[in-house]
Structure formats: C-alpha cells, structure tokens
Amino acid sequence: MPEALTTTAFSARIVERLSIGATSRRERVIHSLDGLERPVHPHALDDAGAQLWHLLQDQIRDEMGAVDFLLGLDAGGILPTVALAGAAQLPYKIAWKLHLPLDGVVRFSEPHALRTDVYAYGIASGQRIILVDDEITTGRTLADLTRSLREAGATPVAAACLVEDTTRGARERLAELDIPLISLTTLEGPQ
C-alpha cells in the first residue's frame with residue numbers, strides 16, 4: 001500500500017550567499033519548491049501553479065484577455081513557469097542565457113548575474129505574454145525584459161512569481177511600466 005502523501009504549504013526565506021562574484025547579490029531567496037533543503041513532491045509544484053493561476057485570474061482577469069504564452073526566466077523561473085502552464089493550460093517558452101541564431105530574438109539584461117545577457121526567441125509583434133520567475137527582488141530584470149518585448153511589438157500582460165521581496169521596489173518599478181506583479185508569497189527582507 002502506498003504511503004499517504006503529505007505536502008506542506010509553500011514557504012520561502014532569504015539566506016546569505018557564500019562564494020559570490022562582485023556583481024552578485026549577497027543574499028538569495030530559497031523556497032520549498034527549489035529542492036535545496038528537502039525533496040519536493042510533484043503535488044507541491046502542481047499546487048503552487050494552481051494557486052498562482054488563481055491569483056492571476058482574481059487580480060487581473062479584466063486586463064489579461066487572451067494570452068499567447070508564458071515566458072519564464074532560466075534557471076529559477078523554469079519550475080514556476082511549467083507549474084503555471086499546467087494549471088492555466090497555456091503554452092510556455094523559457095528565456096535562456098544562450099545567444100543562438102534563432103528567429104525573433106529579444107535580448108535583455110539580468111544586471112545582478114555573472115552573465116548578464118538573456119535571450120528570448122520566437123517573439124513576434126502582437127503576442128501577449130505573462131512573464132514568470134521564481135523570485136523577484138528589484139524587478140530590474142523584468143523591467144528590462146518588458147521594455148525589450150515592447151520594442152519587438154509584443155505585449156507583456158503581467159509578471160508572476162513565487163516569492164516577492166517587498167523591500168527592493170520591484171512592484172513599484174513594474175507598476176511604472178503598467179505591469180501588474182502577482183506573487184504567491186512575499187518576504188520583507190532578510191529573515
């Protein structure tokens with residue numbers, strides 16, 4: 001007989017990073033879906049995707065309209081993107097730190113990373129896109145992505161994340177660009 005499934009509620013916290021580069025942030029958000037501290041049951045990922053999808057529907061239903069796909073950021077954004085895509089039954093794409101000879105390239109910057117250039121491919125004018133990442137702190141990466149997508153004629157509809165650090169101004173930065181930020185949970189700085 002299989003053992004009973006137990007899933008815990010989504011949780012997150014901020015920890016100090018060790019061995020970091022000069023441009024990297026000194027802290028990192030870790031969460032219960034990243035598999036760092038304990039194994040993650042697939043139900044936990046499904047639950048987080050469903051919760052995030054319900055929040056998007058509740059908070060921006062009128063602004064959402066038809067969405068063509070989700071655009072997740074590598075590497076941390078892959079899990080929430082796949083989870084949200086499953087819950088919403090929407091296709092997804094992932095932006096990578098790989099410069100490739102593919103059509104519809106949009107380049108943007110992740111200023112706090114060691115390798116700052118990120119690329120989304122297959123972007124076309126008129127596409128409506130929800131941006132997805134695991135954690136948002138300053139919002140600079142998503143703001144730069146929003147501007148780059150708009151230059152290509154695409155329309156970022158909203159940004160969704162698992163964890164928002166509310167002390168770094170991401171929500172305000174994205175609001176200046178008319179991008180609503182939907183967060184599964186929020187943190188208020190180092191714990």
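Which strand does L71 lie in? L71 lies in β3. Before I go on: this is a predicted model.

I'll stay with L71 for a moment. L71 is buried, since its relative accessible area is 1%. Setting aside residues up to four places away in sequence, L71 touches K93, I94 and A95, then A120, then the run I129, I130, L131 and V132, and finally L145 and L149. P39 is 32 residues from L71 along the chain, and the C-alpha atoms of the two are separated by 26 Å.

Now the sheet. Five strands make up an open sheet, ordered β4-β3-β7-β8-β9, with parallel pairing. The edges are β4 and β9, the latter covering 181-187, and each of these pairs on one side only. On average, neighbouring strands of this sheet are turned by 20° against each other, with direction ignored.

At the β9 end, β8 and β9 run parallel and are joined by six bridges. C161 stands opposite S183, a residue of β9. Helix α1 packs on the sheet, where it touches β7, β8 and β9, and the direction of α1 makes about 135° with that of β9.

Next, helix α3, residues 140-151. This helix lies across β3, β7 and β8 and runs at about 165° to β7. The loop between β7 and α3 holds T138. T138 is buried, because its relative accessible area of 14% falls under the 20% cut-off. The side chain of T138 reaches the backbone nitrogen of R140, at 3.2 Å. Leaving out neighbours within four places in sequence, the contacts of T138 are R168, G169, A170 and R173.

On to helix α2, residues 78-88. Which of its residues are buried? They are P80, T81, A83, L84, A85 and A88. As background, an α-helix has 3.6 residues a turn, so residues three or four places apart point the same way. In this model the buried residues of α2 pack against α1 (42-64), β3 (69-73), β4 (92-95), β7 (128-136) and β8 (155-165).

In general, most residues other than glycine have a negative phi, and most peptide bonds are trans. The peptide bond from D74 to A75 is cis, with omega near -20°. A75 has its place in the loop between β3 and α2. Just after α2, Q89 takes a positive phi of about 55°. Q89 lies in the loop between α2 and β4. With a relative accessible area of 67%, Q89 is exposed.

D178 also has a positive phi, of about 60°, although it is not a glycine. D178 is found in the loop between α4 (170-175) and β9. Is D178 buried or exposed? At 64% relative accessibility, D178 counts as exposed, because the cut-off is over 50%.

Now the loop between β4 and β5, where β5 is 106-109: this is the place of K97. K97 is buried, and its relative accessible area is 16%. What does the side chain of K97 make a polar contact with? The partner is the side chain of E110, at 2.6 Å. With neighbours within four places in sequence left aside, K97 is in contact with D74, E110, A113, R115, D117 and V118. D74, in that list, is the residue from which the cis peptide bond runs to A75.

Another lysine, K93, lies over the face of F69, at 5.9 Å from the ring centre. K93 was also among the residues that L71 touches.

Last, the aromatic rings. How many aromatic pairs are there when ring centres must lie within 6.5 Å? The count comes to one. The rings of Y119 and Y121 have their centres 6.3 Å apart and their planes at 20°, so the pair is stacked. The reasoning needs one cut-off: planes under 30 degrees apart count as stacked. Y119 and Y121 are both buried.

To go back over the main points: the open sheet runs β4-β3-β7-β8-β9. Helix α1 packs on the sheet at β7, β8 and β9, and α3 lies across β3, β7 and β8. K97 is buried, and the side chain of K97 makes its polar contact with E110. The bond from D74 to A75 is cis, and phi is positive at Q89 and at D178.

Terms used: Residues numbered from 1 in each chain as written. Predicted model: local features only at pLDDT ≥ 70, side-chain atom pairs only at ≥ 80, totals over all residues. Heavy atoms only, no water. Phe/Tyr/Trp six-rings, centres within 6.5 Å; stacked < 30°, edge-to-face > 60°. Buried < 20%, exposed > 50% of the residue type's maximum accessible area, 1.4 Å probe, protein only. Lys NZ or Arg CZ within 6 Å of the ring centre and 35° of its normal. Helix = DSSP H or I, 4+ residues; strand = E, 2+ residues; numbered from the N terminus. Contact = heavy atoms within 4.5 Å. Pairing = 2+ DSSP bridges. Axes fitted to C-alpha atoms, helices over the stretch in contact; angles between N-to-C directions. Polar contact = N/O pair within 3.5 Å; in protein donor to acceptor, adjacent residues only side chain to side chain.
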